[in-house]
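Colleague: Could you walk me through this one before I set anything up? I'd like to start with the surface and then go inside.

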Amino acid sequence: MHILLANDDGYLAPGLAALHAALTPLARVTVIAPEQNHSGASNSLTLQRPLSVFEAREGVQKGFRVLNGTPTDCVHVALTGLLEDRADLVVSGINQGQNMGEDVLYSGTVAAAIEGYLFGIPSIAFSQVDKGWEHLDAAARIAREVVERVIAAPPALEPAAPFLLNVNIPSLPYEHLRGLRATRLGKRHPSQPVITQVNPRGETNYWIGPAGDALDASEGTDFHATAEGFVSLTPLQLDLTHRAQLAQLGQWLERN
Ligand code: MN
């Protein structure tokens with residue numbers, strides 16, 4: 001079993017080191033991570049310049065491959081030329097902060113897993129619900145248990161294709177976590193307004209504001225499960241086609 005491990009918080013992030021330590025007893029783990037924090041990078045590829053990779057020489061990161069690009073670049077480069085052999089599983093995280101509801105569209109953590117999935121490899125993204133790395137040990141233990149279960153008995157999810165799992169872990173001590181729940185994505189309110197600042201040259205600058213609060217946090221959602229203390233596992237798909245509107249759109253085209 002060969003696991004490719006990536007993240008979006010950058011190769012020095014505690015969540016990556018914790019996940020690496022948790023997975024090493026289970027499999028051969030190759031780490032490739034961005035040099036800088038690329039949270040919110042989504043599925044972006046770097047196409048304007050070449051990419052370079054170095055190997056970290058010390059600390060808990062020793063042996064990690066570090067790439068000066070995005071999370072998607074990392075997994076893409078690893079799977080299309082850097083790795084000598086194919087990965088059996090792509091794992092991403094542990095992210096500092098939740099990736100629930102529409103977050104999955106912006107997340108670099110989820111994007112790294114998506115890149116594995118696009119190459120036909122089962123992939124899992126792990127995130128801690130709260131920022132600050134509190135109870136990271138518990139999150140890493142949960143991640144190890146999830147990966148252990150996946151290796152022992154891969155979920156035979158139909159249609160036959162690799163799975164893409166988005167996992168959110170409440171920032172709680174291990175004993176307070178209530179178990180694992182299969183969930184759907186909830187929905188968020190629109191993002192909060194940008195924060196404006198005037199810079200020393202008198203120009204107005206904008207900081208992207210925080211994500212909106214949960215709008216649909218009803219039973220069965222990732223928001224609901226994690227608020228109740230459960231670890232949330234959401235199976236994702238990438239086809240954004242609105243199937244219910246497809247026929248209607250065809251009819252509209254014929255009529256108008
Ligand atoms: Mn991040």
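This is a predicted model: local features need pLDDT of at least 70, side-chain atom pairs count only at pLDDT 80 or more; totals for chains, interfaces and linings use all residues.

Colleague: Fine. Is Leu240 buried or exposed, then?

Modeller: Leu240 has a relative accessible area of 71%, which is over 50%, so Leu240 counts as exposed. Leu240 sits in the loop between β13 (231-235) and α7 (243-255), and together with Leu105 and Tyr106 it makes a nonpolar surface patch of about 390 Å².

Colleague: And Gly186, buried or exposed?

Modeller: Gly186 is also in a loop, the one between β8 (180-182) and β9 (187-188), but its relative accessibility is 4%, and because that is under 20% Gly186 is classed as buried.

Colleague: What does Gly186 touch beyond its sequence neighbours?

Modeller: Leaving out residues up to four places away in sequence, Gly186 is in contact with Gly101, Glu102, Asp216, Thr221, Asp222 and Phe223. For Thr221, which is 35 residues away along the chain, the C-alpha atoms are separated by 5.0 Å.

Colleague: Changing topic, what is the strand order in the sheet?

Modeller: The sheet is open and has nine strands with mixed pairing, in the order β3-β4-β2-β1-β5-β6-β7-β13-β8. Its edge strands are β3 (53-55) and β8, each of which pairs on one side only, and from one strand to the next the twist averages 20 degrees.

Colleague: Which strands does helix α4 lie across?

Modeller: Helix α4 (residues 108-118) lies across β1, β5 (89-96), β6 (123-128) and β7 (164-169), and it runs at about 170 degrees to β6.

Definitions and conventions
Residues are numbered from 1 along each chain as its sequence is written. Side-chain values use heavy atoms; hydrogens and water are left out. Patches are made of residues with over 30% relative accessible area and no salt bridge: like charges are joined within 9 Å, nonpolar side chains (Val, Leu, Ile, Met, Phe, Trp, Tyr) within 5 Å. Accessible areas come from the Shrake-Rupley method with a 1.4 Å probe; for residues, only the protein chains shown count as cover. A salt bridge is a side-chain nitrogen of Lys or Arg within 4 Å of a carboxyl oxygen of Asp or Glu. Helices (H or I, at least four residues) and strands (E, at least two) are DSSP runs, numbered from the N terminus. Buried means under 20% relative accessible area, exposed over 50%, partly exposed in between (1.4 Å probe, protein chains only). Contact means heavy atoms within 4.5 Å. Two strands pair if DSSP finds at least two bridges between them. Axes are lines fitted to C-alpha atoms, for helices over the stretch in contact, and angles run from 0 to 180 degrees between N-to-C directions.
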